[in-house]
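Student: Can we go through this one together? I'd like to start with the helices and then move on to the sheet.

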Amino acid sequence: MIGRPVRNWLVTGGSTGLGRAMADEIVARGGRVAVTARETSRLADSCAGPDMLGLAMDLTDSATFTPALHRFNEAFG
């Protein structure tokens with residue numbers, strides 16, 4: 001996309017359902033997305049490309065937030 005900045009997104013619960021559909025649409029529209037799940041093994045098939053990153057993050061455990069966000073920053077700036 002010439003002249004447009006790439007947008008970076010973080011989608012929680014991205015292994016199935018609405019989160020997965022949203023992540024796929026973001027990539028289809030030229031964005032980059034990090035999708036989270038409690039278990040990254042559930043994200044393996046959806047995170048094969050350079051514009052989609054799978055992260056382990058459990059929204060019920062705040063100790064998982066910082067490592068996930070740090071990895072997001074490393075990957076997408």
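Student: Where do phenylalanine 72 and phenylalanine 76 lie?

Tutor: Keeping in mind that this is a predicted model, phenylalanine 72 and phenylalanine 76 both lie in helix H2, where they are four residues apart, about one turn of the helix.

Student: And what kind of aromatic pair do they form?

Tutor: Phenylalanine 72 and phenylalanine 76 form an edge-to-face pair, with 5.6 Å from centre to centre and 90° between the planes. A search of the whole structure finds one aromatic pair.

Student: Are those two buried or exposed?

Tutor: Phenylalanine 72 is buried, and phenylalanine 76 is buried as well.

Student: OK, new topic: in what order do the strands form the sheet?

Tutor: The sheet is an open one made of three strands in the order E1-E2-E3, and their pairing is parallel. Strand E1 (8–11) and strand E3 (52–56) each have a single partner strand, so they stand at the edges, and one side of each is left without a neighbour in the sheet. On average, neighbouring strands of this sheet are turned by 20° against each other, direction ignored.

Student: How many bridges join E2 to E3?

Tutor: Five bridges join strand E2, which covers residues 32–37, to E3, and the two run parallel. Within this pairing, valine 35 stands opposite glycine 54 in E3.

Student: Back to helices, then: which strands does H1 touch?

Tutor: Helix H1 (residues 17–28) packs on the sheet and touches E1, E2 and E3, with its direction making about 165° with that of E2. Helix H2, residues 65–76, lies across E1, E2 and E3 and runs at about 160° to E3.

Methods
Residues numbered from 1 in each chain as written. Predicted model: local features only at pLDDT ≥ 70, side-chain atom pairs only at ≥ 80, totals over all residues. Heavy atoms only, no water. Pairing = 2+ DSSP bridges. Axes fitted to C-alpha atoms, helices over the stretch in contact; angles between N-to-C directions. Contact = heavy atoms within 4.5 Å. Phe/Tyr/Trp six-rings, centres within 6.5 Å; stacked < 30°, edge-to-face > 60°. Buried < 20%, exposed > 50% of the residue type's maximum accessible area, 1.4 Å probe, protein only.
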